[in-house]
Amino acid sequence: MASKSFSSSSSSSGCSPASDRRISVLARHLVAENALSSSPIYASPTSSANSVFAHIARGPEDPILGVTVAYNKDPSPVKLNLGVGAYRTEEGKPLVLNVVRKAEHMLVNDRSRVKEYLPIVGLADFNKLSAKLIFGADSPVIRENRITTVQCLSGTGSLRVGGEFLAKHYHQRTIYIPLPTWGNHPKVFTLAGLSVKTYRYYDPATRGLNFQGLMEDLGSAPSGAIILLHACAHNPTGVDPTPQQWEQIRRLMRSKALMPFFDSAYQGFASGSLDEDAQPVRMFAADGGELLVAQSYAKNMGLYGERVGALSIVCKDADVAGRVESQLKLVIRPMYSNPPIHGASIVAAILKDGNLYNEWTIELKAMADRIISMRKQLFDALHARGTPGDWSHIIKQIGMFTFTGLNSEQVAFMTREYHIYMTSDGRISMAGLSSKTVPHLADAIHAAVTRMK
Ligand code: KET
């Protein structure tokens with residue numbers, strides 16, 4: 001309607017030369033009159049002295065990515081960034097995997113490759129191979145075709161798309177997240193339209209899993225509620241359930257029709273084995289029930305900035321899965337239209353080629369092993385200094401992070417006095433450490449513990 005009336009009244013082709021002239025005379029007249037008037041018309045509203053955004057308060061830095069912002073501003077030569085979970089080499093440098101370089105080389109040299117838009121759900125090969133990676137090549141959910149996998153913007157984007165889909169189409173709008181969890185989870189799911197509650201997970205006294213609290217809280221969650229589970233290498237605690245505990249969690253959740261939503265951001269980083277780290281997800285997929293999983297290739301392929309990940313929804317049958325996918329497209333299209341092509345092409349090239357895949361697993365294992373060796377070195381260094389306390393959790397915890405137990409004052413002290421940057425909850429990224437920097441960190445922890453009780 002609006003566009004119709006606009007075109008009929010403003011079409012210059014419908015005006016005679018005489019009426020065009022009349023309009024331009026009228027326009028000159030109006031401009032002259034305005035020039036004389038006491039209240040001038042501004043060229044545009046934003047050229048006024050006061051910004052229309054003047055009322056906006058400065059927002060806080062992100063609790064994790066803000067650590068890097070602070071680190072970058074520090075001129076100290078001994079500064080150390082143990083904030084964000086990003087892998088560094090022994091030399092403290094970011095790592096591009098050899099296998100990624102190889103795949104990129106192949107892609108660049110393939111002149112048949114173009115830069116057309118991908119479909120809304122992303123690269124088909126990438127989606128198939130991602131499902132195979134997390135569920136296993138012989139998985140019944142893949143064989144029976146009762147799964148939809150869509151390429152999303154890394155782990156975060158996959159969680160967000162899954163969250164919005166559930167908020168729109170699932171009968172329960174409450175998601176339970178572990179306490180503590182990755183700091184972005186509550187924000188992602190709240191903005192997706194879900195209501196966020198927590199379940200007990202970590203026991204600071206034992207620095208281990210509060211299994212009883214977890215089972216009680218899931219047991220009293222309303223039937224059908226969504227439960228966010230870290231597939232492996234829980235962030236920030238580094239504490240995972242044992243296989244036996246996972247089995248009990250699965251039974252309880254299925255008996256109450258609780259909907260599992262796995263966040264798999266560290267497949268391969270916990271044990272060094274892609275298959276072993278996928279076991280909890282596969283255990284739930286094997287029982288025939290429905291579930292969601294968000295995968296990220298940021299850490300395990302080092303593709304952080306390429307923003308490549310996948311959301312899979314396992315359904316009861318192929319027909320439901322097809323309809324679910326049609327609705328996922330309606331979530332994605334107005335959000336970012338379709339995902340980027342480069343990162344997904346790298347992943348697909350590696351996953352589909354036996355040799356590249358093997359090379360990847362070797363490089364991944366080397367990253368996981370280096371992190372494990374950092375745990376040992378830090379533990380030994382604290383032991384050698386006689387630092388008060390039991391530090392065995394540094395060795396016991398799994399994945400990229402150690403949840404040290406240091407409090408926010410001790411963290412602030414370490415940043416102030418030692419230029420060591422970490423999140424205020426006492427989490428350190430072990431992947432940011434090297435043999436050279438372990439002594440500096442151990443000195444800082446020793447000083448923080450003995451001086452700032
Ligand atoms: N889930 C978890 C548990 C997680 O730790 C991260 C990232 C993500 C999802 C998202 O990653 P993506 O890059 O979107 O695939 N965690 C690290 C980086 C960050 O906070 O963005 C971190 O905790 O340091």
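**Strands, burial and aromatic pairs**

Author: In this predicted model, strand β9 (residues 291–296) runs parallel to β8, and four bridges join the two.

Reader: What makes β8 and β9 count as paired strands?

Author: The requirement is at least two bridges between the strands.

Reader: Which strand pairs with β8 over five bridges, and in what sense?

Author: Strand β7 (residues 226–230) pairs with β8 in the parallel sense. Here L228 has F261 of β8 as its bridge partner. Together with helix α10 (residues 243–255), β7 and β8 make a right-handed β-α-β unit.

Reader: Why is β8 called largely enclosed?

Author: A residue is buried when its relative accessible area is under 20%. Six of the six residues of β8 are buried, so the rest of the structure largely encloses this strand.

Reader: How do you know that both faces of β8 are covered?

Author: In a regular strand, side chains alternate between the two faces of the sheet. On one side of β8 the buried residues are M259, F261 and D263, and on the other they are P260, F262 and S264. F262 also forms one aromatic cluster with W246 and F284.

Reader: Why is helix α14 (residues 342–352) also described as largely enclosed?

Author: Nine of its 11 residues are buried, so α14 is largely enclosed by the rest of the structure. Among the buried residues are G343, I346, V347 and L351. The cover over the buried residues of α14 includes α4 (98–109), β2 (147–153) and α15 (354–385).

Reader: How many aromatic pairs does the structure hold?

Author: The structure holds 10 aromatic pairs.

Reader: Why is the pair of Y71 and Y421 called edge-to-face?

Author: Ring centres must lie within 6.5 Å for a pair, and planes over 60 degrees apart count as edge-to-face. The ring centres of Y71 and Y421 are 5.8 Å apart and the planes stand at 85°, so the pair is edge-to-face.

Reader: What makes this a link between distant parts of the chain?

Author: Y71 belongs to helix α3 (residues 65–73) and Y421 to strand β12 (residues 420–421), 350 residues apart. Both Y71 and Y421 are buried.

Reader: Why is the pair of Y266 and F401 given the name edge-to-face?

Author: The centres of these two rings are 6.1 Å apart and their planes are at 85°, so the pair is edge-to-face. Y266 lies in the loop between β8 (259–264) and α11 (274–277), whereas F401 is in strand β11 (residues 401–403), so the pair ties together parts that are 135 residues apart in sequence.

Reader: Are Y266 and F401 buried or exposed?

Author: Y266 has a relative accessibility of 6% and therefore counts as buried. F401 has a relative accessible area of 2%, so F401 is buried.

Reader: What makes R427 a charge over the ring of F401?

Author: CZ of Arg must be within 6 Å of the ring centre and within 35 degrees of the ring normal. R427 lies over the face of F401, at 3.6 Å from the ring centre. K79 lies over the face of Y71, at 4.4 Å from the ring centre.

Reader: What share of the protein is buried?

Author: Of the 453 residues in the protein, 47% are buried.

Technical notes. Residues numbered from 1 in each chain as written. Predicted model: local features only at pLDDT ≥ 70, side-chain atom pairs only at ≥ 80, totals over all residues. Heavy atoms only, no water. Phe/Tyr/Trp six-rings, centres within 6.5 Å; stacked < 30°, edge-to-face > 60°. Buried < 20%, exposed > 50% of the residue type's maximum accessible area, 1.4 Å probe, protein only. Right-handed = clockwise from strand over helix to strand, strands pointing away. Contact = heavy atoms within 4.5 Å.
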